[in-house]
Amino acid sequence: RFIFLSSIKVNGESTKRNSPFRNDDPLNGKDPYAISKSEAEKGLLKIADEMNFELTIIRLPLVYGPGVKANFQSLLKLASMRLPLPFGSIDNKRSFVALENLVDLIVICIDHPNAGNQIFLVSDDYDVSTTQLLSALIKIQESKAFLIPVRPSLLKSVARIFGKEQIISRLCDSLQMDIEHTKDTLDWRPKISFEEGLRLCVRKQNLLD
């Protein structure tokens, strides 16, 4: 059995609110990273069929934990500063997965009798807005940062001027995942809660820093 870690970006960059991606949705990758993951999935499916071995594909959202990079690391740093942050009115929904939950699912998929030749989506099963995420990070870090309400449309307009529209779009748009197929097929539930995952991430990140 071969387990391949793919990305939810193979299905697209965003979802309509409360219309999450499912495991059987068509491939619709937009950027080179998503397209490369899509091509890898298709190539592995072909090889698995020709060589008669089981393939398990796990599509991931943003994975957070010690050493997290990119946008999540930036949000961690912003939430730790004594600054007004213009992200108090973002009413999107995004799925995330704690490293501990991802590892737990991978271990389950190694030898679970129902895991072969399946596509699974994984998350903490608790979607949050960027505003909720930042509020939680500020609280956990006992920071003096505070959120001020600015319309997402205004944020995007300003970002467009500075060529940062893609970054702001990721903060403002929704990207949700439906993991019911994963839970039902494997009788699996996330090992730790989203709040527990954030606390572990912040504590271990502080040790690394």
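**Entry: Asn 117.** I started in the loop between helix H3 (99-111) and strand S6 (118-121), where Asn 117 lies. One caution for myself: this is a predicted model. I looked up phi of Asn 117 and got a value near 55°, which is positive in a residue other than glycine. Is Asn 117 buried or exposed? Its relative accessible area is 54%, and the cut-off for exposed is over 50%, so Asn 117 counts as exposed.

**Entry: Asp 125.** I moved along to the loop between S6 and H4, the place of Asp 125. Here too I found a positive phi in a residue other than glycine, near 60°. Asp 125 has 36% relative accessibility, so I put it down as partly exposed.

**Entry: helix H1.** Next I checked the length of helix H1 (32-51). At 1.5 Å a residue, its 20 residues should span 28 Å, and the end C-alpha atoms are 28 Å apart, so the two agree. Which residues of H1 are buried? I listed Ala 34, Lys 37, Ser 38, Glu 41, Leu 44 and Ala 48. What covers them includes S1 and strand S2 (55-60). On the face turned away from that buried side I noted the exposed residues Pro 32, Lys 46, Glu 50 and Met 51.

**Entry: Lys 204.** I found Lys 204 in helix H8. Its relative accessible area is 32%, so Lys 204 is partly exposed. What does Lys 204 touch, leaving out residues up to four places away in sequence? I got Pro 66 and Glu 100. I also looked up Gly 65, which is 139 residues from Lys 204 along the chain, and the C-alpha atoms of the two are separated by 7.7 Å.

**Entry: largest pocket.** How much space lies in the largest pocket? I wrote down about 640 Å³. It is lined by 32 residues, and Pro 61, Leu 62, Val 63, Arg 94 and Arg 170 are the closest to its centre. Among the elements that give two or more residues to this lining are strand S1 (2-7), H1 and strand S3 (62-64). Helix H2 (70-80), helix H4 (130-140) and helix H6 (165-172) are on that list too. The largest share is from H2, with four residues. Sorting the lining by type, I got 18 nonpolar, eight polar and six charged residues.

**Entry: second largest pocket.** The second largest pocket holds about 190 Å³ of space. Its lining includes Tyr 126, Val 128, Gln 132, Leu 133, Ala 136, Lys 139 and Ile 140. Phe 194, Glu 195, Leu 198 and Arg 199 line this pocket as well. H4 and helix H8 (194-208) are the elements that give two or more residues here. Which element gives the largest share of this lining? That is H4, with five residues. By type, I noted seven nonpolar, one polar and three charged residues.

Definitions and conventions. Residues numbered from 1 in each chain as written. Predicted model: local features only at pLDDT ≥ 70, side-chain atom pairs only at ≥ 80, totals over all residues. Heavy atoms only, no water. 1 Å grid on protein atoms, 1.4 Å probe; cavity = no way out; pocket = protein on both sides within 12 Å on 5 of 7 lines; lining within 4 Å. Points joined across faces, edges and corners; volume = space filled by probe spheres on them. Nonpolar A, V, L, I, M, F, W, Y, C, P; charged D, E, K, R; others polar. Expected span 1.5 Å × (residues − 1). Buried < 20%, exposed > 50% of the residue type's maximum accessible area, 1.4 Å probe, protein only. Contact = heavy atoms within 4.5 Å.
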